[in-house]
Amino acid sequence: MKSLPHSDPKSFSRQVETHSQYCTGSFHQQHSNLPARVHKSWLFFPWHRMFLYFHERILGSLIGDETFAFAVSGLGFT
């Protein structure tokens, strides 16, 4: 992931940006005055589970293992 160019949405830097935009409130939603803050809200667990799900899919595609999953995925969180 770190060797991919920033222009690739699967790159490490783009994944970090995605997390930062939603979790630090730096993402500005159109037509809303509310910041998109995932931390310290009820969105914390569902948003991060979604983020990890897609992160697993990206990693799986990069290593050629479509069944790749983090160890916590087998705990019934899917």
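**Entry 1: H48**

I started with the neighbours of H48: leaving aside residues up to four places away in sequence, H48 touches H19, C23, V38, H39 and L43. The model I am reading is a predicted one. I then placed H48 in the secondary structure and found it in helix α2, which covers residues 44-63. Is H48 buried or exposed? I noted a relative accessible area of 15% for H48; the limit for buried is under 20%, so H48 counts as buried. One of its polar atoms lies 2.8 Å from the backbone oxygen of F44.

**Entry 2: aromatic pairs**

I counted the aromatic pairs next and got 4. One of them is F44 with F45, where the ring centres are 5.1 Å apart and the planes stand at 90°. Planes over 60 degrees apart count as edge-to-face, so the F44 and F45 pair is edge-to-face. I checked the accessibility of both residues. F44 has 30% relative accessibility and is partly exposed, whereas F45 has 68% and is exposed.

I went on to W47 and F51, which form a stacked pair with 5.2 Å from centre to centre and 10° between the planes. Where do W47 and F51 lie? I found both in helix α2, 4 residues apart, which is about one turn of the helix. I looked up their accessibility as well: W47 is buried at 12%, and F51 is buried at 15%.

**Entry 3: charges over rings**

I searched for charged side chains placed over aromatic rings. Which ring does the charged end of K2 sit over? I found it over the ring of F12, 4.9 Å from the ring centre. I also recorded R57, which lies over the face of Y53 at 4.8 Å from the ring centre.

**Entry 4: the chain as a whole**

How many helices and strands does the protein chain have? I counted 2 helices and 0 strands. The protein chain has 78 residues, and buried residues make up 22% of them. I took the contacts with a separation of 6 or more and noted that residues 24 or more positions apart account for 31% of these. For the surface, I noted that the chain exposes about 5,900 Å².

Definitions and conventions: Residues numbered from 1 in each chain as written. Predicted model: local features only at pLDDT ≥ 70, side-chain atom pairs only at ≥ 80, totals over all residues. Heavy atoms only, no water. Buried < 20%, exposed > 50% of the residue type's maximum accessible area, 1.4 Å probe, protein only. Contact = heavy atoms within 4.5 Å. Areas by Shrake-Rupley, 256 points an atom, 1.4 Å probe, with all protein chains shown as cover. Polar contact = N/O pair within 3.5 Å; in protein donor to acceptor, adjacent residues only side chain to side chain. Phe/Tyr/Trp six-rings, centres within 6.5 Å; stacked < 30°, edge-to-face > 60°. Lys NZ or Arg CZ within 6 Å of the ring centre and 35° of its normal.
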